[in-house]
Amino acid sequence: MFTVYVLYSPLFDQIYVGYTADLHNCLLSHNELATKGHTIKYRPWTIVHTEQFDMKSDAMKREKQLKSSKGRASIRSIIIEKLSF
């Protein structure tokens, strides 16, 4: 099982999209364990959206869609909706 996930850094208003087979450890890495890379600059991250896929290729395809301009616009809508509650 693969998870496409969207992380949001409210402190910096940043979005990160990725996929993984282990969401728990992935989030731990983004927030605590990693010592280099893009996501360490914008900690802390919160999960704002996830989608499950049986095949890695489907997860990769969805990740690519979410990283497009239309995908990022839909992600912004999700974030705005979640923040308004």
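Here are a few friendly notes on this predicted model, going from the whole chain down to one strand.

1. Start with the overall layout. The chain holds three helices and three strands, and reading along the sequence gives the order β-β-α-β-α-α.

2. Next, consider the dimensions. The C-alpha trace spans about 35 × 30 × 20 Å along its principal axes. A compact globule of 85 residues would have a radius of gyration near 12 Å, so the chain's 13 Å agrees with that expectation.

3. Of the 85 residues, 33% are buried. The accessible surface is about 5,500 Å², and carbon and sulfur atoms account for 57% of that area. Among contacts between residues at least 6 apart in sequence, 59% link residues at least 24 apart.

4. Strand β1 deserves a careful look. Are the residues of β1 (residues 2-9) buried or exposed? Eight of the eight are buried. Phe2, Val4, Val6 and Tyr8 lie on one side, while Thr3, Tyr5, Leu7 and Ser9 lie on the other, and both faces are covered.

5. Which strands pair with β1? Strand β3 (residues 46-53) runs antiparallel to β1 and is joined to it by seven bridges. Strand β2 (residues 14-20) also pairs with β1 in the antiparallel sense, over seven bridges. Tyr5 makes a handy landmark: its bridge partner in β3 is Thr50, and in β2 Tyr5 stands opposite Gly18.

6. Finally, find the turn. β1 and β2 form a hairpin with four residues between them, and Asp13 in that turn has a positive phi of about 55°.

Definitions and conventions
Residues numbered from 1 in each chain as written. Predicted model: local features only at pLDDT ≥ 70, side-chain atom pairs only at ≥ 80, totals over all residues. Heavy atoms only, no water. Helix = DSSP H or I, 4+ residues; strand = E, 2+ residues; numbered from the N terminus. Rg over C-alpha atoms; globule rule 2.2 N^0.38 Å. Buried < 20%, exposed > 50% of the residue type's maximum accessible area, 1.4 Å probe, protein only. Contact = heavy atoms within 4.5 Å. Areas by Shrake-Rupley, 256 points an atom, 1.4 Å probe, with all protein chains shown as cover. Pairing = 2+ DSSP bridges.
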